[in-house]
Each structure stands twice: as structure tokens, then as C-alpha cells.
Amino acid sequence: QQLIDRFPGDTTIAEKVAASLVAEQQFESALEHYARLVERARTPESKLSYQVKVAQMRSKLGQTDRAREQLQTILNKLRPGSWLHAKVRDQLEQSYLSTGDFDGLAKYYTERADHSPDDLDSLIRLGQILVGADRPLEAESTFRKVLERSAQNTEARRSLIEILINDDRAGEAVSQFEVLLRDDPANPDLLMRLGEIHLGNL
């Protein structure tokens, strides 16, 4: 603290002190330091970075709901698809996954998708979470919803294909592959995966 007081304009020192407190698992003190850094941030980017750190400390202190609210507030300010949006989204997901709360995370993305029907990224992520939660039928339905709205969405179609394969519905999987190959007939990854399906079906 003496160093911080001596060089009040040097955020680098404050960052190192906060990181040291985290390493020592003094999360409450680290939270206070990161909160002060938020107030002293010189750029919007650094302010967001410190706000994420504050949320992380709240999560470590068991203030899970408040941490999630803060991360969601940050997410709402970011452009979907940007690297920073993805980073903050990962932090929010981790607050669920660290406790094995797949159902809670699925509920979060379900609510987001219901609130913003055109947010296909959230729908795709919901489908992926449902797969991880061993809820393949719901995941299949979710990916099909994406394809109804965006037939060219290869990520959703590939995810659907894997569900069909795992459910021993090779014929349906091949039909979905044919759709992909119409747009990209020379794709070696697609051709190899399709060959594997045919071999497995012999």
C-alpha cells in the first residue's frame, strides 16, 4: 500500500499488488484494489479489464450472483463476436461450470435466446451446453432452430451431425453432410468425416 500511495499515478504497481494478493488468496483485499483500479482506469479497455477482475474476486468470495450480474453488465456493452466479448462470456460460463451447474448455464442461455430470438450465437452456445449436460434431444432441437433461421450456419449443422451420429442415425447425418458439401464440395475435413461415417455403417 505504501508503494501505491507513493506512486498514485502508476497503475502497474497497483496491478502487481492486486495480483500478489490473489496469489496469496487474499481475495477481499484484492477486490478492494481492483475496485480502486476501476476508478483510476485511463482507458475504456483497462476499465473493462479491471471490472472483470472485480467480478472474478466476487466469485471467489462466494458472491456468485453479484459476480454474474457484473459480468452480464460488461457483456451488454461489448460487440458479440469480438475477442473481448468471448473472453468475458467465458468468465461468466466458468462461474457455472466451476460448480458443475450445467442446468443453470443452460437456463441462462435459454433466457438469453428467448429475450433475443435473433441472437444465434446464444442459441448455438445453448446447444453446445445441452450436449455437455447430456441432453442431446434438446440440443438437437436447438441446432435445428438455428438452421431454420440460418440454413448456411455450418457450426450448427456440424454440431447437429455429431448428435445424429452419436444417436446411430447415420442416414440423417449423411443428408446433413450433403448440404454442407453443396457449398464446399472439396473440403477435405468434410469428405474425411463423411468417409468415416460410411465405413462405420458397413
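Predicted model: local features only at pLDDT ≥ 70, side-chain atom pairs only at ≥ 80, totals over all residues.
How many aromatic pairs does the structure hold? I found two aromatic pairs, taking rings of Phe, Tyr and Trp (its six-membered ring) as paired if their centres lie within 6.5 Å, with planes under 30 degrees apart called stacked, over 60 edge-to-face and the rest tilted.

Residues are numbered from 1 along each chain as its sequence is written, and side-chain values use heavy atoms, with hydrogens and water left out.

I then looked up the surroundings of the rings. Ring pairs join Tyr96, Tyr108 and Tyr109 in a cluster. Tyr108 is buried at 11% relative accessibility and Tyr109 is buried at 2%, where buried means under 20% relative accessible area, exposed over 50% and partly exposed in between (1.4 Å probe, protein chains only). Arg68 lies over the face of Tyr96, 3.6 Å from the ring centre; the criterion is NZ of Lys or CZ of Arg within 6 Å of the ring centre and within 35 degrees of the ring normal.

Last, I turned to the whole chain. I counted 12 helices and zero strands, both being DSSP runs (helices H or I, at least four residues; strands E, at least two). Along its principal axes the C-alpha trace spans about 75 × 30 × 30 Å, and buried residues make up 40% of the 202 residues.
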